[in-house]
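Visitor: Hi! I'm new to this one and would like a walk around it. Could you show it to me first?

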Amino acid sequence: MRVATMDLDLEVFQGPFDLLLTLVLKEEVDLLEVDLAEIVLAYVEHLERAGELDLEATTEFLVLIAALLELKSRLMLPREDEEGLDWQPEEAAEELLARMLEYRRFRNAATFLSARIAEESGFRYRSAPLPPALRRISLDLAAATYDPELLGAAVGGLLRTPPPLDLRHVARPLVTIDQRLSHLRQLLRSRGRFGFDEAVAGADRITEAVTLFALLELYKKGEADWEQDRPFAPITIRARA
């Protein structure tokens, strides 16, 4: 049950919590006559009956009850003795409404972000650092290798038109992702668990790359999963239950 629909049985009001908020904002119910402690006790009793804590609903209740408490304190304190508390009831009600709307905007934004994270759950991103052997040399060590002549030669090389590339030595890929998908699915059906090195045994680098794309496609579709103990360690592929 949402906080807004929680039924209240107070001395000056009976009905759902959201109706009480509406009447307070419209000044049809005097907030000074509303016992906010009874509202808190009613919500605690609701939590005890439910037997579980809904963090989103509880957060909403805390925001609303805190705004009501501040509004009521501003109405109770004498304005001539307290600086900064000289709001009119209409201004205080507008402030309460603005805070409620701001809270709902943040809650809607959190819901949107949660949905986006759930949609991207099928993608993995690299988080481990590169091994020391593959890291680039530090700037301090590399600075000594540069001088004005080398820099001028490098800039001059960029200004020259490069010769046309000879691509005759580049092998055209003869394997497709569909072919590698069929290969991986056959291994999953026959073994259920195998190493990536086994799936690309004897294959060239192009086939290895296409096989990796096929593995990512299987993971995205929920057909397979993999394990890797550490960066660049052997990859073990298994069928997802």
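**A walk around the model**

Guide: Happy to. I177, L212, F213 and L216 make up a nonpolar surface patch of about 350 Å². A patch here is built from residues with over 30% relative accessible area and no salt bridge, joining like charges within 9 Å and nonpolar side chains (Val, Leu, Ile, Met, Phe, Trp, Tyr) within 5 Å. Accessible areas come from the Shrake-Rupley method with a 1.4 Å probe, and for residues only the protein chains shown count as cover. Please keep in mind that this is a predicted model, where local features need pLDDT of at least 70, side-chain atom pairs count only at pLDDT 80 or more, and totals for chains, interfaces and linings use all residues. Residues are numbered from 1 along each chain as its sequence is written, and side-chain values use heavy atoms, leaving out hydrogens and water.

Visitor: Which helix gives the largest share of the nonpolar patch?

Guide: Helix 9 (residues 205–220) does, with three residues. Helices (H or I, at least four residues) and strands (E, at least two) are DSSP runs, numbered from the N terminus.

Visitor: Which residues of helix 9 are buried, then?

Guide: T207, V210, T211, A214, L215, L218 and Y219 are. Their cover includes helix 7, helix 8, strand 4 and strand 5. Just after helix 9 comes G222, with a positive phi of about 80°.

Visitor: Let's hop to helix 7. Which of its residues are buried?

Guide: In helix 7 those are R180, L181, L184, L187 and L188. Seen down the axis of helix 7, they fall within an arc of 130°, so they line one face of the helix. That arc is taken from the directions from the helix axis to the C-beta atoms.

Visitor: What's exposed on the other side of helix 7?

Guide: D178, Q186, R189 and S190 are exposed there. The buried residues of helix 7 pack against strand 3 (193–195), helix 8 (196–199), helix 9, strand 4 (224–227) and strand 5 (236–239). Contact means heavy atoms within 4.5 Å.

Visitor: New topic: how many salt bridges are there?

Guide: The count comes to eight. A salt bridge is a side-chain nitrogen of Lys or Arg within 4 Å of a carboxyl oxygen of Asp or Glu. D166 pairs with R168 this way, their closest N and O atoms being 2.8 Å apart, and E198 meets R191 at 2.3 Å, N to O.

Visitor: What about D225 and R238?

Guide: Their side chains also meet in a salt bridge, at 3.7 Å from N to O. D225 lies in strand 4 and R238 in strand 5, so the pair ties together parts that are 13 residues apart in sequence. D225 counts as buried because its relative accessibility is 13%. R193, D225, E227 and R238 are linked in a network of salt bridges.

Visitor: Where does I235 lie?

Guide: I235 is in the loop between strand 4 and strand 5. I235 and G195 are 40 residues apart in sequence and 5.8 Å apart in space, C-alpha to C-alpha.

Visitor: Last one: how many helices and strands does the protein chain have?

Guide: The protein chain has nine helices and five strands. Of its 241 residues, 26% count as buried.

Definitions and conventions
Buried means under 20% relative accessible area, exposed over 50%, partly exposed in between (1.4 Å probe, protein chains only).
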